[in-house]
Amino acid sequence: MKHDAVLGVENSLTSQFWFARKVDPDTVAAISRSANVPEVVARLLAVRQVTPENVSFFLSPSFKRHLPDPYILRDMEKAAKRICDAVINKEKIGIFGDYDVDGATSSAVITQFLKNLGGDVTVRIPEREEGYGPSQKAMQEFIDAGITLLITVDCGMTAFEPLGFLTKQGKDVVVIDHHEPDVSLPDVYAVVNPKRLDEPPDNPCRQMAAVGVVFMTIVAVNRLLREKGFYADKPEPNLMQFLDLVALGTVCDVVALRGLNRLFVKSGLATMAQRKNKGLCVLSDLANIKEKPSAYHLGFVIGPRLNACGRIGNASLGMKLLCAADEAEAGEIAKRLDDLNTIRRQMCEEIYKQAIAQMERAQTQENIAFVYGKDWHSGVVGIIAGRLKERYNVPSLVMSQEGDELRGSGRSVAGADLGAAVLAAKEKGILMTGGGHAMAAGFSLKAEKADEFKNFLIEYFETHKQEQGGSEDYLIDSVIDIGAVSGNLLETLNAMEPFGEGNPEPRFVIPDVAVSSVRIVGSGHVSCSFVGRNGRSRLRAIAFRAADSIIGCSLLNHKGNLFHIAGYIRPDTFRGGDNVQFIIEDLALAS
């Protein structure tokens, strides 16, 4: 998509260019008419490639109108029948999940569903040191426990040997996953994965997180049980109760919040606001979330706390919290998670500093960030990769060296399919293990192959470029006057939530404003007030962690300058009420 240059480009402090996302005015008008929304929202929708025909699905998705039949997924009918039979026959069922939030929520949803039906369920979440996915040791444990059916969630697509071993022992395995598959599938009873190579490319489930695929599975199983008369003498479970967990896993796995994912998250946030899940309630209170929950809270407040146990502590704690039956149990687990998260944050800050220093010592401009260290905890390398991606706007890979091996995690940017790159490196024999999706991947390799892997990635991303903005581009949605920023505008923008991957929070430029007051608050945040040229319109704003940055210094030493400010419009939750504030991401001196 082409973009238009906007004002103040030559004096932007952190970006080389500011661009307004270009849209067709006729499309904007058509969206405004069809959805009866203001022009500003219609423009934002058009930028996100929402058409007049699907604007209703985007703004008001519903399960009745938009949830497809689960059987559109290959092997779903087969998997649902096998799980249904296991429930009816009271077989012992094993659940094997991943240690991240998507894995924890996937495990919690299917475990609670089956236990509500009276199922005999054994759950196994591996510690990070065991590595990603099913292992021979874990499979033997399930055999010893007497399970006859194993369900893997958020993993299993490339676990050929461990799952094949279980199959040879006469146990049935159902894989429920969303990661990129190899050319061949594991030797198991059923594989439900919208990214299977034999799935059509327009499959509406294709971009789901694993927890979304799990939800589709329990919908199918529940329907079968109803048809078989299982609920003749017992109440049928309300599957909507699990949507808060589906939303949490979807947001935290950074999949695109489009199509069915928007339906899950929008509905899940409403479910979460009802405070039915004891674990989420306690964790939200511990994190001091007082307002209506949003995708931001899921991804940046609750998610990191749940992730902490999988990174540096007991990996099963997150799943246990989400399944907690009472507040006392939930409170005890939540406190442990919060303590682990504090340790995790301290660890991340130190490793992040070392990673930045390593990048600066390299003094080369490449299309990737590639760093590793011997004393780096493998449980936090994914977080560091995410922060490097945000800082450098390139695919970023961070590894921990353990002996002669590197174990790492990567995060990518739009237009660079990291999951495909990792699989390609694995096929060439550069990596020992590897898998993931477009925006995130995990892998391991011999330390001696580090340079080969780095050079492979540099060449891969150079030759597999997809359409994307340049690394120095800063894309905005609209230029608005300071007087237009109000509670009414914020309420209008809220119709587009949830924001996230595939539906970014709208960015705005407010031109020609002067600083009327400024001070440092909290941990290096710069709080200020702006006034427009007319001297009447005022706006509160904040630049987070900016006191020592070029943005913070410019604000603190404004000397009467006029600025163009770029960033986001959000509620001022600190003061409460209907106040709004502007979150500053960039500045430009006004001419």
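Trainee: Is Lys559 buried or exposed?
Mentor: Buried means under 20% relative accessible area, exposed means over 50%, and partly exposed lies in between, with a 1.4 Å probe and protein chains only. Lys559 has a relative accessible area of 74%, so Lys559 counts as exposed.

Trainee: What kind of model is this?
Mentor: Residues are numbered from 1 along each chain as its sequence is written, and side-chain values use heavy atoms, with hydrogens and water left out. Local features need pLDDT of at least 70, side-chain atom pairs count only at pLDDT 80 or more, and totals for chains, interfaces and linings use all residues, since this is a predicted model.

Trainee: Where is the place of Lys559?
Mentor: Helices (H or I, at least four residues) and strands (E, at least two) are DSSP runs, numbered from the N terminus. Lys559 falls between helix 20 (550-556) and strand 18 (562-571), in the loop.

Trainee: How many Å apart in space are Lys559 and Ala514, C-alpha to C-alpha?
Mentor: In sequence, 45 residues separate Lys559 and Ala514. In space, C-alpha to C-alpha, they are apart by 9.6 Å.

Trainee: Which residue in strand 18 is the bridge partner of Ala514?
Mentor: Two strands pair if DSSP finds at least two bridges between them. Strand 15 (residues 508-521) pairs with strand 18 over five bridges, in the antiparallel sense. Within that strand 18, Ala514 has as its bridge partner Leu562.

Trainee: How many bridges pair strand 18 with strand 19?
Mentor: Seven of the 10 residues of strand 18 are buried, so this strand is largely enclosed by the rest of the structure. Phe563 has Leu589 in strand 19 as its bridge partner. Strand 18 and strand 19 (residues 580-589) are antiparallel, and the number of bridges is nine.

Trainee: Which strands are the edge strands of the open sheet of five strands?
Mentor: This sheet has parallel pairing and the order 4-3-5-6-7. An edge strand pairs on one side only, and here that holds for strand 4 (120-124) and strand 7 (190-192).

Trainee: Which residue stands opposite Val175 in strand 7?
Mentor: Strand 6 (residues 172-176) and strand 7 run parallel, joined by three bridges. In strand 7, opposite Val175, stands Val191.

Trainee: Which elements do the buried residues of helix 8 pack against?
Mentor: The buried residues of helix 8 are Pro162, Leu163, Gly164, Phe165 and Leu166. Contact means heavy atoms within 4.5 Å. These buried residues pack against helix 7, strand 5 and strand 6.

Trainee: At what angle do helix 12 and helix 13 pack?
Mentor: Axes are lines fitted to C-alpha atoms, for helices over the stretch in contact, and angles run from 0 to 180 degrees between N-to-C directions. The axes of helix 12 (residues 278-286) and helix 13 (residues 295-312) are 10 Å apart, and the angle is about 110°.

Trainee: Which residues in helix 13 meet helix 12?
Mentor: Helix 12 brings Leu280, Leu283 and Ser284 to this contact. In helix 13 they meet Ile302, Arg305 and Leu306.

Trainee: What is the radius of gyration of the chain?
Mentor: The chain has 20 helices and 19 strands. The radius of gyration is taken over C-alpha atoms, and the globule rule is 2.2 Å times the number of residues to the power 0.38. For 591 residues that rule gives 25 Å, so the chain is as compact as a globular protein of that length, its own radius of gyration being close to this at 25 Å.

Trainee: What percentage of the 591 residues count as buried?
Mentor: Along its principal axes the C-alpha trace spans about 75 × 60 × 50 Å. Of the 591 residues, the part that counts as buried is 55%.
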